[in-house]
Amino acid sequence: MSDVLTTTWTDLNDPNRYHRDKQARTEYYFRFIHGWKLIRCGACNGSGYYDNNGSPPCGNCDGTGKERVSPAEHQRQMELEKKWKERDKEIYGEQNPYEE
Ligand SMILES: [Zn+2]
């Protein structure tokens, strides 16, 4: 795998270069883009700003209100959220004041 990502100028005349580059791009896609989720930014809670007093855009998400997380991180957050919801249910029953 590592030799795929170490193309040097000496490889420019390699007839297989196109296919090798393509393979590298595919690997990059699956490692960093495929399956990654956009979730609500944890720093600004999705508003894009830290507060509503005219502060600069949130530095964590650049004011988009969203951040991209890996599939593993997304899974972890979903499980945390589930735990919180179960805990809220234990405390508040069906009339959970924090339910959206
Ligand atoms: Zn943010």
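Analyst: A residue is buried if 20 or more other C-beta atoms lie within 10 Å of its own, exposed if 12 or fewer, and partly exposed in between, with C-beta atoms placed from the backbone. This is a predicted model: local features need pLDDT of at least 70, side-chain atom pairs count only at pLDDT 80 or more, and totals for chains, interfaces and linings use all residues. Numbering starts from 1 along each chain as its sequence is written.

User: What percentage of the 100 residues of the protein count as buried?

Analyst: The buried share is 3%. Helices (H or I, at least four residues) and strands (E, at least two) are DSSP runs numbered from the N terminus. The protein has 2 helices and 2 strands, in the order α-β-β-α.

User: How is the span of helix α2 read?

Analyst: The expected span is 1.5 Å times one less than the number of residues. Helix α2, residues 71-92, has 22 residues and reaches 31 Å between its first and last C-alpha, close to the expected 32 Å. Its count of buried residues is 0. Gly93 follows α2 and has a positive phi, near 70 degrees.

User: Which residue other than glycine has a positive phi near 60 degrees?

Analyst: Most residues other than glycine have a negative phi. Asn45 has a positive one, near 60 degrees, and sits in the loop between β1 (37-40) and β2 (66-69). Asn45 counts as exposed because it has 12 C-beta neighbours inside 10 Å.

User: Where does Asp62 lie?

Analyst: Asp62 lies in the loop between β1 and β2. Its phi is also positive, near 55 degrees, and Asp62 is exposed, with 12 other C-beta atoms within 10 Å.
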